[in-house]
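Here are a few notes for you to read with the structure open beside them. Please find each place in the chain before going on to the next point.

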Amino acid sequence: MNEWGCVLAYLRERTSRESYKNWLEPVRFLEVDAGGCLRLAVPNKNAKTWLETEYLPSILAVSTQLKLSFHSVAVNVDGRTAPPAQHAFAFQPNGQRFNAKYTFDRFVVGSCNEFAHAAARAVADNPANVYNPLYLYAGVGMGKTHLMQAVGSSIHARSPQMKVIYVSAEEFMNDMVNSIRYDRMRTFHERFRTADVLLVDDIQTLGTRERTQEEFFHTFNTLHNNGKQIIISSDSAPNAIKGLVERLKSRFSWGLIADIQPPDLETKMAILGRKAEEADVELPSNVLNFMATHFNSNIRELEGALIRLMAVASISGTGITTAMARQSLKAALAENERTATIANIQQVVAAYYQLRAAQLRERTNTRAIAVPRQVAMYLCRKLTSASLPEIGRAFGGKHHTTVLHAIKKIADERRRDADLDTRINKLTDRFN
Ligand code: ADP
Ligand code: MG
């Protein structure tokens with residue numbers, strides 16, 4: 001494999017499939033010259049600009065990481081380097097792109113999402129007149145896309161003449177990249193800047209994509225100035241998006257910022273109940289309870305579990321029971337047990353040292369317990385976002401300075417004690 005092949009193999013894992021295919025694959029490797037310069041060829045000037053602005057830092061970083069022989073990159077424009085044959089826009093205007101299931105009717109409202117829901121409803125009823133932009137943020141699987149599409153399809157249903165565009169930020173970027181490559185920027189501008197409602201999903205993917213951010217900035221301004229509605233979703237608050245330029249952060253704060261919190265038990269149960277009802281399946285309340293308690297807050301996973309369960313029930317021709325839920329959800333539960341929570345860490349560490357988890361919470365200071373407890377505290381700090389006082393409370397009400405002391409001690413000792421270091425690495429691996 002030549003040097004570029006190595007770079008490609010590496011970037012392939014770290015770039016979206018579409019970007020990779022559209023953008024990196026067509027690049028031709030020429031040589032690494034005597035001066036340690038990697039020479040590449042691309043089909044046209046725009047492609048060159050794009051490669052240089054968007055990928056150069058990563059290419060150089062890969063070289064360092066993989067200890068390759070080049071330390072600079074030169075990109076030539078070369079007519080013989082053919083662009084890929086087909087190039088499809090991910091984009092489609094209006095209603096077609098909305099998932100028929102992602103409507104307000106099917107969105108269960110609980111205390112975790114009632115604020116975001118109310119804001120979305122208000123925007124759907126009164127586009128560009130209430131909150132503009134509306135910025136929704138939440139963790140994975142919490143219903144951002146659902147809520148956002150509910151707004152879009154609701155507006156579309158009421159006012160079919162309005163141009164409602166839904167794109168992921170990634171699609172926006174790919175569309176722009178293609179437009180640059182094929183000299184179609186005018187069409188691109190026209191497409192987005194004539195929208196009445198623009199919904200951009202997962203805006204955090206634009207972090208560090210400076211050129212795309214600039215383009216989006218202009219799109220945003222045009223639409224906002226013309227009194228058009230913009231809705232944005234993200235995995236975090238504007239200020240917390242790494243690599244997002246200030247001027248976008250400030251614009252995202254012009255309207256309303258609403259977050260969705262992880263669902264509480266009641267909301268999880270309500271959502272599950274609703275999904276079962278929609279599928280016309282009877283879900284006994286003890287099963288509902290079992291699932292809602294044993295799954296964490298990602299609703300997509302919860303839904304996946306329910307679908308599996310319904311499949312098992314339908315194959316075996318019986319009703320759904322807790323025993324069946326337990327059995328068929330083993331794999332998923334094991335997955336959940338691998339997520340790093342204080343409780344899981346205590347379980348795993350206790351088992352490893354042949355103790356019971358409860359012993360880690362006892363008020364003894366015998367060495368057989370004190371060391372595993374310190375290790376567990378250390379892992380809680382490293383693998384969860386829990387604060388020192390929280391960790392202290394979870395270990396039988398220890399003072400936060402005690403927790404801090406434990407963490408420092410273990411951090412210190414693992415540097416000197418190879419055995420301890422290996423044990424900690426092993427334990428850490430259990431949560432990956
Ligand atoms: P996100 O975009 O935040 O990652 P999604 O909107 O894709 O999450 O939601 C994941 C799944 O969970 C979808 O199938 C969605 O219908 C469902 N879901 C999330 N929140 C709710 C809710 N409040 N009521 C009903 N279904 C929900
Ligand atoms: Mg989403």
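**Notes on selected backbone and packing features**

1. Asp 280 is exposed, since its relative accessible area is 73%, and the cut-off for that word is over 50%. Please keep in mind throughout that this is a predicted model. Asp 280 sits in the loop that runs between helix 10 (265-278) and helix 11 (285-294), and its phi is near 65°, which is a positive value in a residue other than glycine.

2. A positive phi is also found at Asp 202, where the angle is about 55° although the residue is not a glycine. Asp 202 belongs to the loop between strand 6 (197-201) and helix 8 (210-225). With a relative accessibility of 27%, Asp 202 counts as partly exposed, because that class covers values between 20% and 50%.

3. The peptide bond that joins Asn 132 and Pro 133 is cis, with omega at about 0°. Pro 133 can be located in the loop between helix 4 (114-125) and strand 4 (134-137).

4. Helix 19 (residues 400-416) packs against helix 20 (residues 418-429) at an angle of about 115°, and their axes are 6 Å apart; the crossing of helix 19 and helix 20 is left-handed. On the side of helix 19 the contact is made by Ile 410, Glu 413, Arg 414 and Arg 416, while helix 20 contributes Ala 418, Leu 420, Asp 421, Ile 424 and Asn 425.

Definitions and conventions:
Residues are numbered from 1 along each chain as its sequence is written. Chains are lettered from A and ligands numbered from 1 in the order in which they are written. This is a predicted model: local features need pLDDT of at least 70, side-chain atom pairs count only at pLDDT 80 or more; totals for chains, interfaces and linings use all residues. Side-chain values use heavy atoms; hydrogens and water are left out. Axes are lines fitted to C-alpha atoms, for helices over the stretch in contact, and angles run from 0 to 180 degrees between N-to-C directions. Helices (H or I, at least four residues) and strands (E, at least two) are DSSP runs, numbered from the N terminus. A crossing is left-handed if the near helix is turned anticlockwise from the far one by less than a right angle, and right-handed if clockwise. Contact means heavy atoms within 4.5 Å. Buried means under 20% relative accessible area, exposed over 50%, partly exposed in between (1.4 Å probe, protein chains only).
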